[in-house]
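Dear colleague,

Please find the structure below.

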Amino acid sequence: MTGELLALGASHKTASLELRERIALPTGRAARVLAELTEHDAIHEAVALFTCNRTELYLITADAVEAENTALAILSRQAGLRPTELLGSLYSLRGGDAVEHLFAVTGGLDSMIVGEAEVQGQVKRAYEMALVEGVSGPVSNRLFRDALAAGKRVRSETGVARSNVSVSTVAVQLAREFLGELSERRVLVIGAGENAELTAQALRDRGVETLFVANRRYDRALGLAQRFGGRAVTFDDLPRELEAADIVVTSTGAPHQILGREELEFVAASRMGRPLVLIDLAVPRDIEPSVRDCPGIALYDMDDLQRAVARNMDAREAEAAEALVLVREEVARFEEWMASLEVVPTISALRRRADEVVEQVLRENESRWETLSSADRERVEMMARAVVSRLLHEPTIRLKDRSSYHYLHTIRELFGLDPEPMAEVVPLRDQTRHAR
């Protein structure tokens, strides 16, 4: 048996920003969590997806209940929380529901901004990390390849992504609403990752010409600054640049806040009443939340962006509905592939179970047939096996012709079957163990 797909996670739809910060899985932490997950016998394959607005685990498991409990324990431990503190904010999806969710996420249909493009790259990186760590396998590899293909179809065949809207463009719009025209404003971008680059581009599109980039790695700051005609600065220059800037965008991967209230109160006092807009795109957050109470400072974080997006969701509902139809087509194709892996082992297990029942009944009635001749006993056994064979004939035909993952899973549950795995779908983790 290939195993059951389980997705466990939390997103902007189910969890507060504070909780999303606690369960965030940046690259180093994700690698440790994946290794710990796949040490458990119930979990064959694992992929961790982390974005600004979601943390999700995709697991191929022999026991979904045990795998869910294991994943919950690991997530809560790394977040420093009790499992009960996470339960109300986590969602758990299995089988086709988990497939549809991942395909919708990759297509941008579950994003804060429906149709945003960044998530496609984030899903790709999550898959590539699982490959590098050796914790993916045949099913999760196919799952994520198909998810990426589904996301590509959504963007190329529907109108979901036609308007150039992203977290970055919404953030810039909020800054414009507060400050007015941006072309003469001085901008400081802290961080040189994807969100920082997208925000720099959005600012340039609004006419911003004075752009400074700070990053712990000066070479990365220099590369981003040169790309947009700006100038790189070091972290040592931050106090001076914060005093001079009109807009500060933070998008680092730091595990702790890099700008505190005391520091920014001092900055505000030195600005002679000039307003300062802070846009915190990071999860965990880069800026202490209480800074929003400081006079002269406007702070926007991911929760603020989510509220701004919610006011403009109606325009994309029709496109999203069209895209969901396409996603479900891709889900059906994946489930057909999954079923093709399961159908032969399931039929074999069903036949074995039938043979076991016949043999058990014959043994239980052995003492009642003392007067039967050997020939008569043989006829009774042949009749019993013929009845079972005819009874299973139609289900076997239907399994072959109309197989689906849900159908096969139901059959296994009803009959308590444990099909032997096919050779080509042995999890990579187990292959590595055998090689050792």
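Two strands pair if DSSP finds at least two bridges between them. Helices (H or I, at least four residues) and strands (E, at least two) are DSSP runs, numbered from the N terminus. This is a predicted model, in which local features need pLDDT of at least 70 and side-chain atom pairs count only at pLDDT 80 or more, while totals for chains, interfaces and linings use all residues. Residues are numbered from 1 along each chain as its sequence is written, and side-chain values use heavy atoms, with hydrogens and water left out.

Strand E2 (residues 43-51) and strand E3 (residues 54-61) run antiparallel and are joined by eight bridges. They form a hairpin with two residues between them, and Thr-51 stands opposite Arg-54 in E3. Eight of the nine residues of E2 are buried, so this strand is largely enclosed by the rest of the structure; buried means under 20% relative accessible area (1.4 Å probe, protein chains only).

The axes of helix H8 (residues 167-179) and helix H13 (residues 302-310) come within 10 Å and cross at roughly 90 degrees. H8 is therefore roughly perpendicular to H13 (65 to 115 degrees). Axes are lines fitted to C-alpha atoms, for helices over the stretch in contact, and angles run from 0 to 180 degrees between N-to-C directions.

Helix H6 (residues 118-133) and helix H7 (residues 138-157) pack at about 165 degrees, with their axes 10 Å apart. H6 is therefore roughly antiparallel to H7 (over 145 degrees).

Yours sincerely

Conventions. Angles under 35 degrees count as roughly parallel, over 145 as roughly antiparallel, 65 to 115 as roughly perpendicular and the rest as oblique. Buried means under 20% relative accessible area, exposed over 50%, partly exposed in between (1.4 Å probe, protein chains only).
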